[in-house]
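User: Can you walk me through this one? I'd like to start with how you count things.

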Amino acid sequence: MPAKAKKKAATRGRPATKMPAPKDIKNIAILTGGGDCPGLNAVIRGVVRAAVNVHGWEVTGILDGFDGLIEGRTRKITSRDVRGLQARGGTILGTSNRGNPLNYPVEGENGVEYRDVTGTIVSNIRELGIDALIAVGGDGTMKITQAIFEKGVPVMGVPKTIDNDLKATDVTFGFNSAVSTATEALDRLHTTAESHHRVLVLEVMGRDSGWIALEAGIAGGADVILIPEIPFDIGKVCAHIRGRKKTGSRFSIAVVAEGAFPAGGKKIYEKEPGSDGTPGRLGGMGQWVSEQIALCANFETRTAVLGHMQRGGTPTTYDRILATRFGVEAVNNIALGNYGNLVCLKGTEIVCKKISEAIENINLVDPEGQLVKTAEALGITMGRPA
Ligand code: F6P
């Protein structure tokens with residue numbers, strides 16, 4: 001590669017301006033962006049405690065994700081403010097998963113226009129006396145964080161999503177809590193399905209990945225698990241349920257990921273994706289599967305949609321620890337000057353990966369992987385077409 005091209009490749013995604021040195025940092029800010037998830041408050045607590053106790057920094061909380069930075073809505077967070085926060089669901093800072101600062105609606109001469117307002121965010125960060133920013137969020141939040149980094153702001157990312165769909169980290173916090181909630185729901189559905197000799201279908205979240213459905217389905221003893229990574233044959237699902245009936249099992253439990261779809265068919269949206277890039281809202285596949293089973297397997301069926309129950313409430317012990325470690329390590333890496341990185345779990349260690357690279361790859365269930373094979377070995381059908 002010619003020297004000029006080599007230099008360009010090495011500096012891709014790096015800011016053109018010089019960043020402040022870690023020794024000059026006095027005040028860091030934290031925001032939570034995108035959908036909420038159990039463990040966000042534990043991250044905030046980890047960040048505040050490490051910033052104050054280890055580095056003697058102040059912490060500014062940004063309210064409602066990037067909206068707070070566009071509108072200048074912030075509050076100071078002290079060590080006292082985060083007492084007992086590790087056990088609380090949601091985020092004390094508020095969040096937003098609508099409105100993208102890279103394509104933000106502003107009032108223009110001819111009505112509403114969409115503009116990149118990350119320049120405004122950067123000047124507000126400077127005006128607020130913020131020396132570095134920790135952004136906790138999913139891929140959408142990280143794209144904005146990277147844009148701000150490229151404009152010269154020291155940033156650190158903390159990955160969050162119940163969907164567990166980020167390749168850079170072994171696990172995201174929030175996932176374990178969501179799986180626990182879905183497993184508990186399956187345990188409850190089991191007793192009612194068995195008593196009424198019904199087929200009960202549970203629709204779970206996960207967007208385009210099937211991790212929640214697969215893990216909860218295995219833990220909760222499901223008979224059918226349908227995930228987006230394996231487009232299903234409804235005929236196979238019905239045959240499996242009829243087969244169970246023949247051998248004396250007069251009920252069945254199916255877990256359907258919201259993003260699952262029949263082979264040759266389509267995903268079902270409650271709200272279709274917008275032409276401006278706004279993501280759609282998946283929902284309805286559980287009900288569709290339930291109706292099909294009622295027709296083809298001659299069973300009474302019911303559908304339960306777990307929805308935002310998976311996002312709310314107390315985080316599990318696993319998520320509290322992972323979220324706390326992410327928060328503490330995000331602060332420690334700012335102190336090391338490792339700006340522009342995402343804290344990730346690799347094995348038992350928290351490591352750093354460049355945000356620009358980390359957001360590129362989605363973590364999907366491997367249809368031929370060990371976890372799917374485990375489910376199938378248990379006699380669970382994934383609805384695989386022949
Ligand atoms: O990404 C997290 C998630 O909970 C998905 O599993 C789900 O599809 C989506 O967010 C729901 O988003 P909203 O809160 O906007 O309904």
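Analyst: A disulfide here is a pair of cysteine sulfur atoms within 2.5 Å. Keep in mind that the model is predicted.

User: How many disulfides does that rule give?

Analyst: The count comes to one disulfide. It joins Cys238 to Cys296, with an S to S distance of 1.7 Å.

User: Left-handed or right-handed?

Analyst: The disulfide of Cys238 and Cys296 is left-handed, because the torsion about its S-S bond is about -55°.

User: Switching to the ligand. Which residues surround it?

Analyst: The ligand is surrounded by Asn97, Arg98, Ile162, Asp163, Met205, Gly206, Arg207, Glu258, Arg281, His308 and Arg311. By class, the shell divides into six charged, three polar and two nonpolar residues.

User: What lies 2.5 Å from an oxygen atom of the ligand?

Analyst: That is a polar side-chain atom of Glu258. A polar side-chain atom of Arg311 lies 2.7 Å from a ligand oxygen, and a backbone N or O atom of Gly206 lies 3.1 Å from a ligand oxygen.

User: And how much of the ligand's accessible area does the protein cover?

Analyst: The protein covers 83% of the 400 Å² that the ligand has on its own.

User: What about the largest nonpolar core?

Analyst: The largest nonpolar core has 114 residues, and Ile28, Ile30, Ile134 and Phe173 have the most contacts inside it.

User: Take Ile30. What is in contact with it, leaving aside neighbours within four places in sequence?

Analyst: The contacts of Ile30 include Val43, Ile44, Val47, Ile62, Leu93 and Ile134. Thr60 and Gly61 are also among them.

Methods. Residues are numbered from 1 along each chain as its sequence is written. This is a predicted model: local features need pLDDT of at least 70, side-chain atom pairs count only at pLDDT 80 or more; totals for chains, interfaces and linings use all residues. Side-chain values use heavy atoms; hydrogens and water are left out. A residue is near a molecule or strand if one of its heavy atoms lies within 4 Å of it. A polar contact is a pair of N or O atoms within 3.5 Å; within protein, one must be able to donate a hydrogen and the other to accept it, and residues adjacent in sequence count only if both atoms are side-chain atoms. Accessible areas come from the Shrake-Rupley method with a 1.4 Å probe; for residues, only the protein chains shown count as cover. Ala, Val, Leu, Ile, Met, Phe, Trp, Tyr, Cys and Pro count as nonpolar, Asp, Glu, Lys and Arg as charged, and the others, Gly among them, as polar. A nonpolar core is a set of buried Ala, Val, Leu, Ile, Met, Phe, Trp, Tyr and Cys residues joined through side-chain atoms within 4.5 Å. Buried means under 20% relative accessible area, exposed over 50%, partly exposed in between (1.4 Å probe, protein chains only). Contact means heavy atoms within 4.5 Å.
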